[in-house]
Amino acid sequence: MTPFDQPYLYILVAGALVSDVWRWLGVIVAGRVREDSEILEWVRAVAGALIAGVIARLILFPNGALAETEMWLRILAVGVGFAGFLLIRRSVLAGVILAETVLLIGIGL
């Protein structure tokens, strides 16, 4: 019996190995990187850009149940969520809850 006989097991092991390598490398390097270093600023910028890209994709090219909503509703939800994030002590949880509430109310109407 080879790993190819069990494709899901093969995918699970291969995915875990690839992911764990980066996690362990992060653990090893994290103690040596200063919080104000240029590399960490770059990592933060890349992470922010990735999040912005995912949000833009969800607004412009949604799939699933989100695709059934109007674009103005998705844009309104993001705007309200962002405003909530800024107004409620930069709370990500507050922003997400407000954005979801706007979406759910909009879908219900």
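Predicted model: local features only at pLDDT ≥ 70, side-chain atom pairs only at ≥ 80, totals over all residues.
**Overall form**

The protein chain has four helices and zero strands. Along the sequence, its elements follow the pattern α-α-α-α. The radius of gyration is 20 Å, well over the 13 Å that the globule rule gives for 109 residues, so the protein chain is more spread out than a compact globule. Taken along the principal axes, the C-alpha atoms fill a box of roughly 55 × 45 × 20 Å.

**Helix packing**

Two packed helices are described by the angle between their axes and the distance between the axes. The table gives these values for two pairs.

| Helix pair | Angle | Distance between axes |
|---|---|---|
| α2 (residues 38-60) and α3 | about 150° | 9 Å |
| α3 and α4 (residues 92-108) | about 150° | 7 Å |

Helices α2 and α3 pack at an angle of about 150°. Angles over 145 degrees count as roughly antiparallel, and α2 is therefore roughly antiparallel to α3. On the α2 side, the contact is made by I55, L58, I59 and L60. On the α3 side, M71, R74, I75 and V78 take part. By class, this contact of α2 with α3 has seven nonpolar, no polar and one charged residues.

Helices α3 and α4 also pack at an angle of about 150°, which makes α3 roughly antiparallel to α4. The crossing of α3 and α4 is right-handed. From α3, the contact is made by L73, R74, L76, A77, V80, G81, G84 and F85. From α4, the contributing residues are V92, G95, L98, A99, V102, L103, G106 and I107. The residues of the contact of α3 with α4 divide into eleven nonpolar, four polar and one charged.

R74 of α3 is listed in the contact with α2 and also in the contact with α4.

**The aromatic pair**

The structure holds one aromatic pair. This pair is formed by F82 and F85, with 6.2 Å centre to centre and 25° between the planes. Planes under 30 degrees apart count as stacked, and the pair of F82 and F85 is accordingly stacked. Both residues lie in helix α3 (residues 71-87), three residues apart, about one turn of the helix. F85 is also one of the α3 residues in the contact with α4.

Key:
Residues numbered from 1 in each chain as written. Heavy atoms only, no water. Phe/Tyr/Trp six-rings, centres within 6.5 Å; stacked < 30°, edge-to-face > 60°. Helix = DSSP H or I, 4+ residues; strand = E, 2+ residues; numbered from the N terminus. Axes fitted to C-alpha atoms, helices over the stretch in contact; angles between N-to-C directions. Parallel < 35°, antiparallel > 145°, perpendicular 65-115°, else oblique. Contact = heavy atoms within 4.5 Å. Nonpolar A, V, L, I, M, F, W, Y, C, P; charged D, E, K, R; others polar. Left-handed = near helix turned anticlockwise from the far one by under 90°. Rg over C-alpha atoms; globule rule 2.2 N^0.38 Å.
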